[in-house]
Structures are given as structure tokens and as C-alpha cells.
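Keep the structure open while reading.

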Amino acid sequence: MTTIEPSIGALAAAPVSGVEEVVLAEPRGFCAGVDRAIEIVERALKKFGAPIYVRHEIVHNTYVVEDLKAKGAIFIEELDAVPAGATLVFSAHGVSQAIRQEAAARGFSVFDATCPLVTKVHVEVAKLHREGYDFIMIGHKGHPEVEGTMGQLSEGIHLVEDVEDVERLTVPADRPLAVVTQTTLSVDDAAEIVAAVKRRFPGIREPKQQDICYATQNRQDAVKLLAPSVDVVIVVGSPTSSNSNRLRELAERLGTDAYMVDSPDDLDPAWFDGKRRVGLTAGASAPDILVQQVIERLRALGAVSIRSLPGAIESVHFPLPLGLGDKAMGIAPKA
């Protein structure tokens, strides 16, 4: 991805604060699903040439989206904005069955960048629906992943955002129930809501494996270790990123001041008055280049020591869709 150098003038003008040390959470930043989604768009651009159309932001990060726009990606929300015969990529958050059917009917060449862990939830919903289940989905209304998962069915799936929603929920008494969750929720919040669901519906079926993804879990676990050991936590992530927001909220819940920044320019020196040790992490859709830029800005504010905490080692890798593998990249782009 394109490197953006921090503004030297802006750094020099920043007042000196009490910052002495930056402590890095491990792991942080890109997960396997985000890596795969971005690579799908970049390989499609290389193979077919610009423009490549992407339904919704490929991942929720301003830097990533702007970088791909510069390379020829066009981000759209409605498929009628895509010309006939175009190449279309579904974002990492997944799409509803209605979107898939519309894309097929319009004859687009489609590459699916849905995170495989989101696809797992979709597959489970479809399978249990065929067995007669209705669903309770725990997630944030309006989030594209939630819309995609709920859109796997035309009926029989009910959204709850908190414990109060669970108490108000009305579901058919003659159908078995299963619960699924958005993959980027707060682990602790989701556990509380699941507990409420199980109290109201004792026979409800839970997923065989937790729906909240490994990367979300690992980054939250890292913040649980980081936050108590620092004076303030900085989360690199865009406002639309669910998992980044959850990291900031978690640090605050643990009693540490926390702020989320989309770029190093968002850092406010006043945040660090009297704060000697700064914790730094990044959401799963935030590239490492932004972390490095934030570190440089913190150096300009006085930090002299940078160290990493121990954390989970991630080795997950997801394969690319057929047609975008290494051998396919030898095919000349369309004229």
C-alpha cells in the first residue's frame, strides 16, 4: 500500500508532553480476513484493470479505502451504480441473498471478499433455517455485517442489541431458536447478552464455535493486558470500525483514558498531559503504516522508549477466490 510520510512541520510544532514510553499491544492491526479482502481488490485491479467496483467499503478504514480508490477501485452501495459487464467485489462484511441474486441477474463478474468467519455464520444460519429454526442475532443495527447475516433469510431472524432488547423480544413459540452474533462485538458485552437470551429461552441453540472472530477476541485480550499498565490508550481505527470502537470502550471500562484516531493528525497533545506511558493498539482493519505514523508523532511528543507486550501469535491465512490465485495473475488484463 502507498506510504504516507508524516508532516515534519506538524510534528515540530507539537508541544512537548509528559510522554516517555509507548507500549504496543500484541496482536494489533490487520487480521487474515482484512488482508484477504484487500488483496482480492488489488489482484482484481491487476488482472482486469481499473475500475473495479466494490459493494460498500471493502473494510472499515479510511486510509485503506482512499488508497484503493487511488488505484482504481470505485466504492458503491447500490448495484444500479455498476455498469453492465463490470467486475464487482463484495466487501469483507458480507452481503444479503438479495444482493447476491441481483448481482447474478445483472451478469456482473463477482469476487466475494466476505471474511470466511462471517461466511461461517451465514452457512450456519442457512443450515439451521432448513431444519426449521428461527434466530436471534446479537449485533449493531445498521452495521453491514448484521444486514448481510440477517439478509440470508427473508423472515425468522430477530435482532437484539442489548439485554433490554432481549427482554422485549417476541418470537414464535412453535419454532426452535438459535442464536448468532456479529463477529466484531465486545466479547464481554456479547456474553452478557447471550446469558440474557439463555435465561429467556433456556432451550436456545448456541453455535458450535463462538461467532466472535479470533482476531476480535485476541485484540480485546491484548487491551485487557495493556490498559492497566499504561496511563492512556490510543486505538488506531476509523469511526465506522466496530472492532476498533470496542477496543476503545474496553480500555475505558478498565479505567484507562482512551481515544481512537483515524490518522496521526487526530492526536491531541492535551491527551498526554501528565501521561508518561501511552498504550497503542489498532483495530483489525487498520494498517500498520498508521501505527508507525502514530509512533513517530508520539516520539515528537517526547517518547523515547517503544516496547511490545507479549500476546497471541496469529498464523491464520484464508485462501483467495478462484480466479485470483497466483497462476491467474499471469493472465493479461482485459483490453
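The sections below cover the strands and then the helix contacts of this predicted model.

## The four-strand sheet

Start with the open sheet. It holds 4 strands in the order E3-E2-E4-E5, and their pairing is parallel. Strand E3 (73-76) and strand E5 (109-112) are the edge strands. Each has a single partner strand, so one side of each lacks a neighbour in the sheet. On average, neighbouring strands here are turned by 30° against each other, direction ignored.

Strand E2 (residues 52-55) pairs with strand E4 (residues 87-90). The sense is parallel, and the pairing runs over 3 bridges. Arginine 55 has phenylalanine 90 in E4 as its bridge partner.

## The E6-E7 pair

Strand E6 (residues 134-138) and strand E7 (residues 157-160) also run parallel. They are joined by 4 bridges. Opposite isoleucine 138 stands valine 160 of E7.

How does the chain get from E6 to E7, and what is the hand of the crossover? The path leads through helix H6 (residues 144-150). This β-α-β crossover is right-handed.

## Helix H2 against helix H3

Two packed helices are described by the angle between their axes and the distance between the axes. Helix H2 (residues 32-48) and helix H3 (residues 62-71) pack at about 10°, and their axes lie 11 Å apart. Angles under 35 degrees count as roughly parallel. H2 and H3 are therefore roughly parallel to each other.

From H2, the contact takes Ile38, Val41, Glu42 and Leu45. From H3, it takes Val64, Asp67, Leu68 and Lys71. By class, the H2 contact with H3 has 5 nonpolar and 3 charged residues, with no polar ones.

## Helix H9 against helix H10

Helix H9 (residues 214-226) and helix H10 (residues 242-253) have axes that come within 9 Å. These axes cross at roughly 25°. That makes H9 roughly parallel to H10. The crossing of H9 past H10 is right-handed.

Which residues make the contact? H9 brings Thr216, Arg219, Gln220, Val223 and Lys224. H10 brings Asn243, Arg246, Leu247, Leu250 and Ala251. The residues of this H9 contact with H10 divide into 4 nonpolar, 3 polar and 3 charged.

Conventions. Residues are numbered from 1 along each chain as its sequence is written. This is a predicted model: local features need pLDDT of at least 70, side-chain atom pairs count only at pLDDT 80 or more; totals for chains, interfaces and linings use all residues. Side-chain values use heavy atoms; hydrogens and water are left out. Axes are lines fitted to C-alpha atoms, for helices over the stretch in contact, and angles run from 0 to 180 degrees between N-to-C directions. Helices (H or I, at least four residues) and strands (E, at least two) are DSSP runs, numbered from the N terminus. Angles under 35 degrees count as roughly parallel, over 145 as roughly antiparallel, 65 to 115 as roughly perpendicular and the rest as oblique. A crossing is left-handed if the near helix is turned anticlockwise from the far one by less than a right angle, and right-handed if clockwise. Contact means heavy atoms within 4.5 Å. Ala, Val, Leu, Ile, Met, Phe, Trp, Tyr, Cys and Pro count as nonpolar, Asp, Glu, Lys and Arg as charged, and the others, Gly among them, as polar. Two strands pair if DSSP finds at least two bridges between them. A crossover is right-handed if, with the strands pointing away from the viewer, the path from the first strand over the helix to the second runs clockwise.
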